[in-house]
Amino acid sequence: MLLFLARRIGVMLVTALCLTFVVFYLTNLPAKLETLAKTQAGARISDAEVASWLDRNGYNQPMLTRYGEWLGVVPGWTREAADGSVNGRCYRLTSVSEPGAAPTRCGLIQGYWGNSTRFRADVADVISSRLGATGILMLWVLIVMVPMALMVGVLAGMREGSRTDRSLSTFAIASTATPEYVSGVVFIALLASSTVGLSPLLVNWGVIDGPVLFQGNARSALEKITFWNFFLPVMTIALYGMGYVARITRASMTEVMTQQYIRTARLKGVSFRNIVLRHALRNALIAPFTVIMLQIPWLLNGVVIVEVLFSYPGFGWVLFEAAANNDIELLLAASVVAVVVVLITQLISDIGYVYLNPRIRIS
Amino acid sequence: MLDALTWPQILAALGLQLWPVWLAMVVVFAVSISLKRRLGLYGKLFDSKVGMVGFALVIFWVFAALFADMIVTHDPLAQFSGMRNTVPGSALPDPGEGYPHFLLGGDALARDVFSRMVMGSREVLRIAPFAAMISFVIGISLGLPAGYIGGKLDTGLTFIANLVLAFPVILLFFLLVAPEIQNTAIPRVMAGVLFLMPVLFFTLLLNARYFTQPMKRNLYVGVVLLVGLWAYSGLAFNADPLGFWGMSPNLLNVFVAVVFVNAPTVFRIVRGITLDIKTRDYVAAAQTRGEGPWYIMLWEILPNARGPLIVDFCLRIGYTTILLGTLGFFGLGVAPESPDWGSTINQGRRLLTAFPHAALAPALALMSLVLGLNLLADGLREESLKD
């Protein structure tokens, strides 16, 4: 088990290195740096000025060196001006100016994540404050999605081919066919619009006081989460993720229900309820567990879409803003966080699978 | 100026406007059902209700895309004065010779939502099936040897596939589909590698089968190489001497990104199936006969893996449609004014609470197409499991 874990973590680290390098390469392409120079030093500067700006700010070194600097394994660049003052990557990030006062290496490992050009703030601060907001969103999504998906899957899978199975399976298929930007739009039109859908009707009948039933904008959820401002974003993400988990649960449940020990239990005279709850459920939930863990990176997709659609300023919104505004340092940091989340969930899912499945655990 | 239409009138007018689609669908269904016993897996589809519903939804959009020119009521790019954000069924103030109503209303730029939705199906169906197809060819041509030969090749390819799969899709799109990237060599190089795979695949496929009959082999492989490399030069490098094949940098960028995201998943599926099938007796028999590895992979293993692959192909077209919608939603890699569903939803979402129809129409269109593909896949799975 330890050996398995060590090998898994080793592969994970290599993957993380490769991925961060790819991200670094793609965000630091010459064209992107040129855009950066123009947004920082003025849109109308000439090519020569762009080149000198890039040179002054340490962007003219080879890609690998800069990647090392950013990671914190290569000493940061320094430059001595004519008047004896020293400038360099680490001098800027620690905002000191006396020569020799800055650390030699300052990168991700040392905790220097750079500065965001979009938010004019430290990247680490931006990300950590936004991650909390997204964490709450994800928590609610999982609280809604997992029980719903497991219930649909188990109910559909316990009697294969029954009418319940057919209708629930169709529901699961429909939910996988509804990406977040579709369900979000439909939800807003139906429940959060003051001109069409349910809200005007309810206002007419005097059921609700405000103009709309649910809020189509989740910004107010940052201060105080209420059912009315958080329900739609949570449902939008949960609905798309749910179908897939439900289908896996159903498949796993139908497989378990055909096993010998279920037949034995049935011949023993155990009630159907007890068969499902005591004998089938535990074995049927092994596969969904790994899928739920692997689903978390997929939820990131939904998080970005939903946070943009409902203007909820969380991690996904930051990722979108960073990409849209060519905020290189912020995009890099956000990518690192995203990649780390993906890899850790994969690791947990692998370990969980081994742990939950006695056949693998014993061999 | 005519009166605005009521909802029953709108539905009737929509039904009338879509007549080429209904006609084509009726013909397809009539022919298919009458011949269903002779059409193999496709015919069996008509035994399952779910499969038929899915198939109907899919061909509805296929025919809508084909006959889009006959169906649209207005130019999808033209703006009509006085029609900004009008509700469905509104009459044009000055229709002239054209159609007198905006059946599904006008959008924020006073364009016809219905015409844009119909034209949008063309944008989607022009890319999604082909991107899914290329992803499949790549996944198959790498997954078969990874599963069959195994060893270092398998380890390496699986590592690369996992690398791509560990990338959050949305991040990859933000990084890979951008105007700055289009001006670099990256999409061309990726296209150069990705589009070479189908040519290699078909060459290997025919060579493995016919290498004992050199005359036939030379003819088939020659034709494949000629057509393949011709298309390859045009699609990947925009260097087709005759100008028949070609892709705008925008489109190429989107295409490459979507294929790149899809191919590793297909690779994993094919590799898994191959690992299972290679232990079968008929593979051992072929090995004993002294067949080459490519013959066994392409003509023994692949045909026996077709069931799950066809099912996944339908799902993958649907997933690709969702991905294209995501790209459009973030305004990545789409031409301005483009009527594709994703970017129409994106434009409509700004006024969503007041005028939802502009975003709702493409959203429901996209959903129905993907739902159709998923139901079709489900029907196919059910029917292929029966035998």
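Colleague: How many residues does the largest nonpolar core have, and which residues have the most contacts inside it?

Modeller: In this predicted model, the largest nonpolar core has 213 residues. Those with the most contacts inside it are A:Val185 and A:Ala334.

Colleague: Which helix gives the largest share of this core?

Modeller: Helix H6 of chain B, residues 113–148, gives the largest share, with 20 residues.

Colleague: And what does A:Ala334 touch?

Modeller: Leaving aside residues up to four places away in sequence, A:Ala334 touches A:Ile127, A:Phe315, A:Val318, A:Leu319 and A:Ala322.

Colleague: Turning to the two chains, how many residues of chain B are in contact with chain A?

Modeller: On chain B, 35 residues are in contact with 41 residues of chain A. Helices H7 (151–166), H8 (169–176), H15 and H17 (357–386) of chain B each supply at least two residues of that side of chain B. H17(B) contributes the largest share, 10 residues.

Colleague: What classes of residue make up the side of chain B that touches chain A?

Modeller: That side of chain B has 24 nonpolar, 8 polar and 3 charged residues.

Colleague: You mentioned H15 of chain B; why should helix H15 span 34 Å?

Modeller: Helix H15 of chain B holds 24 residues, 306–329, and at 1.5 Å a residue it should therefore span 34 Å. The C-alpha atoms at its ends are 34 Å apart, which agrees with that expectation.

Colleague: Is H15(B) mostly covered or mostly open?

Modeller: H15(B) is mostly covered, as 19 of its 24 residues are buried.

Colleague: What comes just after H15(B)?

Modeller: Just after H15(B), B:Gly331 takes a positive phi of about 65°.

Technical notes
Residues numbered from 1 in each chain as written. Chains lettered and ligands numbered in written order. Predicted model: local features only at pLDDT ≥ 70, side-chain atom pairs only at ≥ 80, totals over all residues. Helix = DSSP H or I, 4+ residues; strand = E, 2+ residues; numbered from the N terminus. Expected span 1.5 Å × (residues − 1). Buried ≥ 20, exposed ≤ 12 C-beta atoms within 10 Å, placed from the backbone. Contact = placed C-beta atoms within 7 Å. Nonpolar A, V, L, I, M, F, W, Y, C, P; charged D, E, K, R; others polar. Core = buried A, V, L, I, M, F, W, Y, C linked by C-beta atoms within 7 Å.
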